[in-house]
Amino acid sequence: MTHTQGAGRASIGVRILGSGLCLPEKRLTNADLEACMDTSDEWIVKRTGITERRRADWDNGEKTSVLATKALREALSTAKIDPSELDLILVATMTPDTPTPSVSCIVAREIGAGNIAAIDINAACSGFVYTMNVADTMVRSGMYRTVAVIGADCVTRHIDYSTYGRGAAILFGDAAAAVVLRADDNPGVGMIAQRMHSDGAGSKHLFIPEHCSDFPDPDDFDERKLDKVQMNGQAVFKFAVSKFQQVINDTLEDAGLTADDIDHFVCHQANSRILESARERFGIPEEKLLVNIHKFGNTVSASAPLVFEELRRAGKVEAGQKVMFLAFGAGLTWGSSLWQL
Ligand code: UT7
C-alpha cells in the first residue's frame, strides 16, 4: 500500500479554492455547566482548555444539515463557485439529521446543486481528515472536478447535562465547516501523503448506545446512558496522545519531510493537553499549531476545518504552504492528510 500521492492520474492536482463555517448562536459556557452539574470552570480549563462551546437548537430545526448547508454556502462564496459547478458533495458526520436521507443529499437539495453525487462518511472525529483523502483521490481519478468537503456534527443532543454525564458534557460542541476543492493543472498541489487507521477493538472506549445490547460489558447498562456519549476519558486520552504523535511521525516519514517543513498543523481539537504533547514532542512552535478549543470545545468532524477556516480568515493560509490535517476519535479512528497548497 502506498501512503503518498502518485498512484492516480499523475497529471491532475487538487486545489483548495475556499472555505467557510457555521456556528450555532447559543453559547454553553463553563458557568452554564456549573449551574447544572457538579463541575467547575477551574477544573474544566485546567483539564481541557475549554471555556465555552456552541449548542445547536436541534428541537427547533437547527440540525446537522442546516449547519452544513450554511458552511458550504460560505465556502462556495469565498471560492467564487456557483453551486451548479459542484459535481460531488462529501459530508463527514456521525450525527445525521435522521438515518436517511443523508446530510449530503439534503445539502445538495438546499443549495440547488442538481442531481450530483452526495455521500456521507462516518469516521467520527477523524471524519473530515478521512474525507479530504477520499476527495483528493476522487478528483485525481479524473471522475470528479469540483468537490465540496464538509465536516458537520451536532453531538450535544447525545450529551447528558447532569453530573452523571459530566465527563463528556464538558468537552463537546456543535459546528460545521467546509472547503471547496477543484482539479488543478498543477499535479504538485493537493494531498501529498496520508494515513487512515482504525481499531474496532477500542470502540468500547467511546460510543453512543441505542440499546442494552450495544454495551460491550452488559454490566455497564444503565437506562440513563442510552443515546448519550459514553467515554472512557483516560483510555481515549492515552490512545489520542500516542496515535497522534505516531501519525505525525509516519506522515512526515512518508513525505520525506520534517516537522519544520510544515507551515500549519491543522489538528482536531479534543483536549489542549493532547495538542500540547504533540507540540512538545515535535518542537512545533505555537504559531504553527493553532489551538481554538477554548472557544468551541470538541466539535467532532467540524473541528479541524474550523481551525483551517480561522487560519484562512486571519490571512495565514497561502499558496505554496504545506498543511497537515490531523485527527483521532471514536471507532477508534485516526489519520492525517498532508496538503501542498
Ligand atoms: O475526539 C476524541 C474524544 N475524546 C477525547 O479526546 C477525550 C480524552 N480524554 C480527556 O480529555 C480527559 O480524560 C477528560 C477531560 C475527559 C477527563 O480528564 P482526566 O484528567 O482524565 O480526569 P479523570 O477522568 O481521570 O477524572 C479525575 C477526577 C475524578 O475524580 P476522583 O475520582 O479523582 O475523585 C473524576 O470524577 O475528576 C473528576 N471529574 C470531574 N470533576 C469535575 C471527571 N469529570 C469531571 C468534571 N468536573 N467534568
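Is arginine 109 buried or exposed? I looked this up before anything else. Arginine 109 is exposed, its relative accessible area being 57%. I note here that I am working from a predicted model.

**Entry: the partner of arginine 109**

I followed the side chain of arginine 109 to glutamate 110, with which it forms a salt bridge. The closest N and O atoms of this pair are 3.0 Å apart. Glutamate 110 has 39% relative accessibility. I list glutamate 110 as partly exposed, because that value falls between the 20% and 50% limits.

**Entry: other salt bridges**

How many salt bridges does the structure hold? I find a count of 15. Side chains of opposite charge can pair when their charged atoms come close.

I looked at aspartate 222 and found its side chain in a salt bridge with that of arginine 224, at 3.1 Å from N to O.

I then turned to glutamate 276, which forms a salt bridge with arginine 279. Their closest N and O atoms are 3.1 Å apart. Both residues sit in helix H8, which runs over residues 272–282. They are three residues apart there, so about one helical turn separates them. I also checked the accessibility of each partner. Glutamate 276 is partly exposed, with a relative accessible area of 32%, whereas arginine 279 is buried, at 14%.

I also recorded a network of salt bridges that links Glu74, Glu309, Arg312 and Arg313.

**Entry: the ligand**

Which residues come nearest to the ligand? I find 23 residues around it, and Thr39, Arg47, Gln234, His268 and Asn271 are those that come nearest. I sorted the shell by residue type and got eleven nonpolar, eight polar and four charged residues.

For asparagine 271 the distance from a polar side-chain atom to a ligand oxygen is 2.7 Å. For arginine 273 the corresponding distance is 3.3 Å. In asparagine 298, a side-chain N or O atom is 3.0 Å from an oxygen atom of the ligand. The ligand taken alone exposes 950 Å², and the protein buries 72% of that area.

Which helices supply at least two residues each to the shell? I list H2 (41–48), H6 (166–169), H7 (233–255) and H8. H7 gives the most, with four residues.

**Entry: the nonpolar core**

I looked up the largest nonpolar core and found 46 residues in it. Phe172, Phe244, Ile248, Phe265, Met324, Leu326 and Phe328 have the most contacts inside this core. At least two core residues come from each of H6, H7 and H8, and likewise from each of strands E11 (264–267), E12 (322–329) and E13 (333–340). H7 supplies the largest share of this core, seven residues. I note that H7 also gives the most residues to the shell around the ligand.

**Entry: leucine 206**

I ended with leucine 206, which lies in strand E9, residues 206–207. Is this leucine buried or exposed? Leucine 206 counts as buried because its relative accessibility is 13%, and the limit for buried is under 20%.

Terms used:
Residues numbered from 1 in each chain as written. Predicted model: local features only at pLDDT ≥ 70, side-chain atom pairs only at ≥ 80, totals over all residues. Heavy atoms only, no water. Salt bridge = Lys/Arg side-chain N within 4 Å of Asp/Glu carboxyl O. Buried < 20%, exposed > 50% of the residue type's maximum accessible area, 1.4 Å probe, protein only. Near = heavy atom within 4 Å. Polar contact = N/O pair within 3.5 Å; in protein donor to acceptor, adjacent residues only side chain to side chain. Areas by Shrake-Rupley, 256 points an atom, 1.4 Å probe, with all protein chains shown as cover. Nonpolar A, V, L, I, M, F, W, Y, C, P; charged D, E, K, R; others polar. Core = buried A, V, L, I, M, F, W, Y, C linked by side-chain atoms within 4.5 Å.
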